[in-house]
Amino acid sequence: MINCLELREIELFYKNRRIGDKISCRFEKGRVNLIVGRAGSGKSTLLRAIAGFHKEFSGKIFADDMSFDSEGRIALAFQNPENLFFNPSVGDEVCYALIQKDDKEFRQKGIAWLEKWGIEASAFWKKHPFELSGGEKRKVALSACTVLLPEVILLDEPLAGLDFQGREKLAGIISQIARDHIVIIVTHDPENLIDLTGRVLFIGDQAVEFKCVNEFIAKSLQEPDFYPLPDWYVQAMEQKPIKKHIPRLRAESVFKYLQGTAEDADYLFAG
Ligand SMILES: Nc1ncnc2c1ncn2[C@@H]1O[C@H](COP(=O)(O)OP(=O)(O)O)[C@@H](O)[C@H]1O
Ligand SMILES: [Mg+2]
């Protein structure tokens with residue numbers, strides 16, 4: 001199993017036009033890795049490049065210091081993956097990759113993954129994917145992405161369009177997978193993922209790698225133009241009462257980080 005996926009001086013292009021800054025970054029297993037940046041900064045293109053679908057780039061990708069070949073080792077869930085359903089039933093959709101690989105246990109695995117993402121397999125197995133609600137479609141798409149559970153899982157905006165509870169639940173499952181897989185998530189709204197995150201890669205006119213999420217938040221608080229954090233972070237930092245439990249803990253840990261008074265436990269919390 002890979003422990004670390006490393007991008008070395010990656011430059012992305014479309015028809016010789018360069019997208020954003022040169023990117024160097026390490027992604028590790030254990031915690032979720034986040035890629036953030038404004039719309040059009042190249043986040044989706046970078047995921048497609050890592051997965052081997054976008055070929056127009058320079059630089060190198062390494063897995064544990066060996067040249068990385070994505071073939072069979074990566075699953076990518078595209079932005080709005082539910083638009084790409086092409087099978088006539090939920091069961092066929094989820095099991096497609098397993099059947100392609102002649103996996104005899106395709107049915108058990110498909111059922112297990114649907115249930116894990118929160119879809120009652122018996123009720124949904126024969127339904128047409130287009131009959132489902134937005135949230136159900138997303139869970140089916142994520143099941144189809146994880147059934148093979150390769151070493152590296154790339155998810156492009158997996159929580160977009162879901163309500164807060166839905167996002168919390170999916171974020172919990174993603175974080176479980178990240179314990180022993182390299183999980184890289186593109187998001188424009190890190191709220192539900194931030195406490196589960198290890199490294200953060202910001203891309204745009206400049207690319208910046210943060211080794212822990214507190215470092216990213218600290219920079220964003222010090223330079224509000226760098227990355228606009230959700231309001232509740234700013235409120236928490238001003239020590240105003242906030243309703244949410246986890247962000248408050250995070251805010252306190254970032255606060256200590258900024259003051260230089262963080263203890264070991266805070267760094268542990270910081271990932
Ligand atoms: N197929 C394409 N051909 C040419 N340019 C593209 C194509 N897809 C995306 N781009 C351009 O590449 C840049 C990055 O796009 P994308 O990776 O989708 O950004 P993000 O996911 O961060 O919103 C944008 O400027 C976009 O216009
Ligand atoms: Mg995108």
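Reader: Is C145 buried or exposed?
Author: The model is predicted: local features need pLDDT of at least 70 and side-chain atom pairs pLDDT 80 or more, whereas totals for chains, interfaces and linings use all residues, and side-chain values use heavy atoms, without hydrogens or water. Residues are numbered from 1 along each chain as written, chains are lettered from A and ligands numbered from 1 in written order. Buried means under 20% relative accessible area, exposed over 50% and partly exposed in between (1.4 Å probe, protein chains only). At a relative accessible area of 8%, C145 is buried.

Reader: How many disulfides does the whole structure hold?
Author: A disulfide is a pair of cysteine sulfur atoms within 2.5 Å. The closest cysteine sulfur to that of C4 belongs to C25, at 8.9 Å, too far for a bond. A search of the whole structure gives a disulfide count of 0.

Reader: Which residues coordinate the magnesium ion (ligand 2)?
Author: Donors are N, O and S atoms within 2.8 Å of the metal (3.2 Å for Na, K and Ca); water is not among the atoms, so sites may look incomplete. At 2.1 to 2.5 Å, the coordinating atoms are OG and OE1, from S44 and Q79 respectively.
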